[in-house]
Amino acid sequence: MKKILAIANNTQDRLLFLNSLKAEGFLTIDAENGVSGIEQAREHLPDLIICDPVISRLNGYSLLTMLRQDLATMTIPFIFIAAKVTPSDIRKGMELGADDYLVKPLKLEELLKAIYAQLERQKQLKQWYTLENQQK
């Protein structure tokens, strides 16, 4: 069962994501701010993280930067989901290492497609890495 960490200040949004993902068969973990998000990511090592860039105690961009600098969390797929977004916000997120950037409102189907695409990409990278190490 794949683990997904959802990080968002807005309890309603976070619960909507969590409940929808649980219904799809994912194990879900939640965090209500950036500091808690870092702690949960390090403790649970989720298979994927979804995060609102506008969160308290540590914004999403700083959180992503910290995760990408930590060997334990640096390769976890990361998707930003934001309501108010500009092209420069998206560019900033991608430059910091986000794997996708979705804009609200979005349908569950869109979120699931993004999640499955990132999980499949992660699976392929792990297979490639394993094969590379076996050939050495």
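Visitor: Does Arg 57 count as buried or exposed?

Guide: Arg 57 counts as exposed, at 64% relative accessibility. The cut-offs are simple: buried is under 20% relative accessible area, exposed is over 50%, and partly exposed is in between, with a 1.4 Å probe and protein chains only. Before going on, note that this is a predicted model: local features need pLDDT of at least 70, side-chain atom pairs need 80 or more, and totals for chains, interfaces and linings use all residues. Residues are numbered from 1 along each chain as its sequence is written, and side-chain values use heavy atoms, without hydrogens or water.

Arg 57 is in the loop between β3 and α3. Helices (H or I, at least four residues) and strands (E, at least two) are DSSP runs, numbered from the N terminus. The backbone of Arg 57 has a phi near 65°, a positive value in a residue other than glycine.

Pro 53 belongs to that loop between β3 (48-51) and α3 too. Pro 53 is buried, because its relative accessible area is 4%. What does Pro 53 touch, beyond four places in sequence? The partners are Asn 59, Gly 60, Tyr 61, Phe 80, Ile 81, Ala 82 and Tyr 101. A contact here means heavy atoms within 4.5 Å. Lys 2 is 51 residues from Pro 53 in sequence, and their C-alpha atoms are 23 Å apart in space.

Arg 57 leads on to Asn 33. Leaving aside neighbours within four places, Asn 33 is in contact with Ile 7, Asn 9, Ile 55, Ser 56 and Arg 57. Asn 33 lies in the loop between β2 and α2. With a relative accessible area of 7%, Asn 33 is buried.

The side chain of Asn 33 has work to show at the start of α2. One of its oxygens reaches to within 3.1 Å of the backbone nitrogen of Val 35. The Asn 33 side chain also reaches the backbone nitrogen of Ser 36, at 2.8 Å. Both are polar contacts: N or O atoms within 3.5 Å, one able to donate a hydrogen and the other to accept it, with sequence-adjacent residues counted only if both atoms are in side chains.

Now follow α2 itself. Its buried residues are Gly 34, Ser 36, Gly 37, Ile 38, Gln 40 and Ala 41. They pack against β1, β2, β3 and α3.

Take β1 (residues 3-7) next. Four of its five residues are buried, so β1 is largely enclosed by the rest of the structure. β1 pairs with β2 (residues 27-31) in the parallel sense, over five bridges. Pairing requires at least two DSSP bridges between the strands. Lys 3 stands opposite Leu 27 in β2.

What follows just after α2? There, Leu 45 takes a positive phi of about 45°. Leu 45 sits in the loop between α2 (34-44) and β3. Leu 45 is partly exposed, with a relative accessible area of 40%.

Leu 45 also opens the way to a pocket. Leu 45 is one of the residues lining the second largest pocket, and others include Lys 2, Pro 46, Asp 47, Ile 76 and Lys 126. A pocket is an open set of points on a 1 Å grid over the protein atoms alone, where a 1.4 Å probe fits and protein lies on both sides within 12 Å along at least five of seven lines; lining residues have an atom within 4 Å of a point. The second largest pocket holds about 190 Å³ of space.

The largest pocket has a volume of about 260 Å³. Volume is the space filled by probe spheres set on the grid points, which are joined across faces, edges and corners. Helix α5 (residues 108-135) gives the most to the lining of the largest pocket, with six residues. Arg 68 is also among the residues lining the largest pocket.

Arg 68 lies in α3 (residues 60-69). Arg 68 is buried, with a relative accessible area of 17%. Its side chain reaches the backbone oxygen of Ile 76 at 2.9 Å.
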